Amino acid sequence: MVIRRVLAPRIDFGALRRELDLPGSFPAAAQREADAAAADPPRSAVDRTDVPFVTIDPAGSRDLDQAMHLARRAGGGFRVTYAIADVAAHVRPGGALEEETWRRGQTIYLPDGTVPLHPGTLSEGAASLLPDVDRAAVVWTIDLDGDGATIAVHVERALVRSRAQLDYAGVQADADAGRLPEPIALLPDIGALLTARGLRRGAVNLPLPEQDVEPDGDGWRLVLRGPVPLEEHNAQISLLTGMAAADIMLAGRVGLLRTMPAPKPEAVERLRAAAAPLGVPWPDGVGPGEVIAGLDPTQPRAAAFIDQAAELMRGAAYTAFDGTLPEQPEHGGVAAAYAHVTAPLRRLADRYATEVCLALHDGREVPDWARSALPKLPEVTAATDRTASAATRGAIELAEAVLLEHRVGETFDAAVLDVDAPPNGRSRPGRPPGGTVALDDPPVRARCVGELPLGERIRVRLVTADPTTRTVAFERA
């Protein structure tokens, strides 16, 4: 659902690319390997092309990692069949392409084009689960009981064929009209079951609107989107698979987990203290995830509370292990052990974690090329995560500054999302009070100086909009 969109002038993102030292074209040797792999697609002894998979992605996507089919089980419950692009079948261990993907780490998304993890001949071609073509995949078959609990997991390499490429807006419209296609007709039911199980475990999901910069003719749109229910249901299938993968690796005592400490009690107490002033009900015995799930993020007080809740989600990392289990194997946001295995076209780590799961499931030794990579992956992924975050943040900040460059001095309606918390309860000498505000129109989020009432609407005056430094700042009007 698009909440707001505003047209911005032409913007050059080249300086941001140079600042982040983002790679351009692939080295010739890596490109040749990709082209050769695309010309000679891998074969599989298992044929699952009879399963009518479909994909659900943002409109216009070509790097399609996942395809799903959902069905009821004869004995009750559900069967989730989830096909993931088999990238390892296309990338030769020790080759030039593998080396280049380690340099890149993940796909970086910028408004003027992606910096892909793999050449387009693979990521948007031979390895992508595009419709109406046979593709190599790693297929997860996960059986659930009637309450959504996992009762069986099977993983295998197979040949698959997607029947349709769907997008979130279209799928949500179909769901609202009661006409979801058969392969995903059960997605709202299964997604709701899995969400409820997660909340009972203590999972925390932050439904923050996403800010994007999109091309619009010769200019750009600054877009603020709120999450739609089908996106959350779709994400639950990925989380389900990631938890199944983590369980396999923990049982085999080797693997790569996505970890995060559970929310610290003092952080939960600070959030609880913020609830009453913001008018957010928090009944006794209810966890923060359940409180957040009941809020409307389009309302300013709820949005401020959700922004405060981001403090619960700190310390995410990749944790590799081999022989000795990690002391803290869980992801606090998921409230369970979890691994990234569902986006190998876009994330380097998923390729290796998937290979570990395949070997352990089959009772084979983990291949040396995958096992030896595990201890090196956390550092590489942490670095590329920082780069990806900087690229996303930098692009939005640049668009905001260009959009507002000629409006310095104007006043706007805004909601106060966050207020500076002075250390030890004392203000810093020489630092004026302030916080973060979100404008109603245009959809800009930036720092504001002044005494700010958390969760309230106020008027703010634009004092800085500098595209060179990508800086936007306001003061309370």
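## The annotated span

UniProt, in an unreviewed entry, places the feature "domain: RNB" at residues 45-363; such annotations may be inferred rather than shown by experiment. In this predicted model, local features need pLDDT of at least 70 and side-chain atom pairs count only at pLDDT 80 or more, while totals for chains, interfaces and linings use all residues. Residues are numbered from 1 along each chain as its sequence is written, and side-chain values use heavy atoms, with hydrogens and water left out.

The end C-alpha atoms of residues 45-363 lie 18 Å apart, and the span is 34% helix and 27% strand. Helices (H or I, at least four residues) and strands (E, at least two) are DSSP runs, numbered from the N terminus.

Let's turn to S11, residues 254-259, where six of six residues are buried (under 20% relative accessible area, 1.4 Å probe, protein chains only). Val254, Leu256 and Arg258 point one way, and Gly255, Leu257 and Thr259 the other.

S11 runs antiparallel to S12 (residues 317-322), joined by six bridges; strands pair if DSSP finds at least two bridges between them. Leu256 stands opposite Ala320 of S12.

## Helices H6 and H7

H6 (residues 187-201) packs against H7 (residues 229-252) at an angle of about 65°, with axes 8 Å apart. Axes are lines fitted to C-alpha atoms over the stretch in contact, and angles run from 0 to 180 degrees between N-to-C directions.

Contacts (heavy atoms within 4.5 Å) involve residues including Leu187, Ile190 and Leu194 in H6, and Leu230, Ile237 and Met243 in H7. By class, this contact has nine nonpolar, five polar and two charged residues, with Gly counted as polar and Asp, Glu, Lys and Arg as charged.

Notes. Buried means under 20% relative accessible area, exposed over 50%, partly exposed in between (1.4 Å probe, protein chains only).
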